[in-house]
Amino acid sequence: MPEASAQRGLLAVQRAGCGACHRIPGLAWPQGRSGPSLEGFADQGLIAGRLPNRPDTLAAYVRDAPATLPGTTMPAMPLTPAEARDVAAYLYSTGDR
């Protein structure tokens, strides 16, 4: 993902409040439990159990999950396209992928 930054991605995760629902590596607080843990996310084959785990799909999903996967319980997030790419870069940086 050209020009994406994992460091900026963690800041975007914090600002958007992703930890309210998810347990996220590198985020000490909050550690939500209503959504799945994102630990080891880079090593998962699917996003939300249904979408291929690819950078472009992940960026679209974290920004506007309902448009990407109708029926999901994850809401659209207040992220720009660039921030969504950064979030994806961060999630991929936390695994072995």
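Residues are numbered from 1 along each chain as its sequence is written. Because the model is predicted, local features need pLDDT of at least 70 and side-chain atom pairs count only at pLDDT 80 or more, while totals for chains, interfaces and linings use all residues, and side-chain values rest on heavy atoms, with hydrogens and water left out.

Charged pairs come first. Side chains of opposite charge can pair when their charged atoms come close. Searching the whole structure turns up 4 salt bridges, a salt bridge being a side-chain nitrogen of Lys or Arg within 4 Å of a carboxyl oxygen of Asp or Glu. One of them joins Glu 83 to Arg 15, with 2.9 Å between the closest N and O atoms. Glu 83 sits in helix α4 (residues 81–93) and Arg 15 in helix α1 (residues 6–16), so this pair ties together parts that lie 68 residues apart in sequence. Helices (H or I, at least four residues) and strands (E, at least two) are DSSP runs, numbered from the N terminus. Glu 83 is partly exposed at 22% relative accessibility, and Arg 15 is partly exposed at 48%. For these labels, buried means under 20% relative accessible area, exposed means over 50%, and partly exposed falls in between (1.4 Å probe, protein chains only).

Another salt bridge pairs Arg 23 with Glu 39, and here the closest N and O atoms are 3.7 Å apart. Both residues belong to the loop between α1 and β1 (46–47), yet the pair links distant parts of the chain, 16 residues apart. Arg 23 is partly exposed, with a relative accessible area of 28%, and Glu 39 is partly exposed too, at 45%. Asp 56 and Arg 54 also form a salt bridge, their closest N and O atoms being 3.0 Å apart. Asp 56 counts as partly exposed at 49% relative accessibility, as does Arg 54 at 40%.

Next, the cysteines. A disulfide is a covalent bond between the sulfur atoms of two cysteines. With the cut-off set at a pair of cysteine sulfur atoms within 2.5 Å, the whole structure has 0 disulfides. Cys 18 is in none, and the nearest cysteine sulfur, that of Cys 21, is 8.5 Å away. Seen from Cys 21, the closest cysteine sulfur is the one in Cys 18, and 8.5 Å is too far for a bond. Cys 18 is buried, with a relative accessible area of 15%, whereas Cys 21 is partly exposed at 34%.

As for open space, the largest pocket holds about 550 Å³. On a 1 Å grid over the protein atoms alone, a pocket is an open set of points with protein on both sides within 12 Å along at least five of seven lines, whereas a cavity is a set of points where a 1.4 Å probe fits but cannot get out; lining residues have an atom within 4 Å of a point. Grid points are joined across faces, edges and corners, and the volume is the space filled by probe spheres set on the points. The largest pocket is lined by 30 residues, and those closest to its centre are His 22, Pro 36, Leu 38, Tyr 61 and Met 74. Two or more lining residues come from each of α1, β1, α2 (55–63) and α4, with α2 giving the most, at 3 residues. Sorted by class, the lining has 20 nonpolar, 9 polar and 1 charged residues; Ala, Val, Leu, Ile, Met, Phe, Trp, Tyr, Cys and Pro count as nonpolar, Asp, Glu, Lys and Arg as charged, and the others, Gly among them, as polar.

Helix α2 also has buried residues, namely Thr 57, Leu 58, Ala 59, Tyr 61 and Val 62. Their cover includes β1, β2 (51–52), α3 (65–68) and α4.

Most residues other than glycine have a negative phi, and most peptide bonds are trans. Trp 29 and Pro 30 are joined by a cis peptide bond, with omega about -10°, and Pro 30 lies in the loop between α1 and β1. Ala 48 is not a glycine but has a positive phi of about 55°; this residue is found in the loop between β1 and β2 and is partly exposed at 45% relative accessibility. Pro 66, in helix α3, is partly exposed at 35%. Leaving aside neighbours within four places in sequence, Pro 66 is in contact with Thr 72, Met 74, Pro 75 and Ala 76, contact meaning heavy atoms within 4.5 Å.
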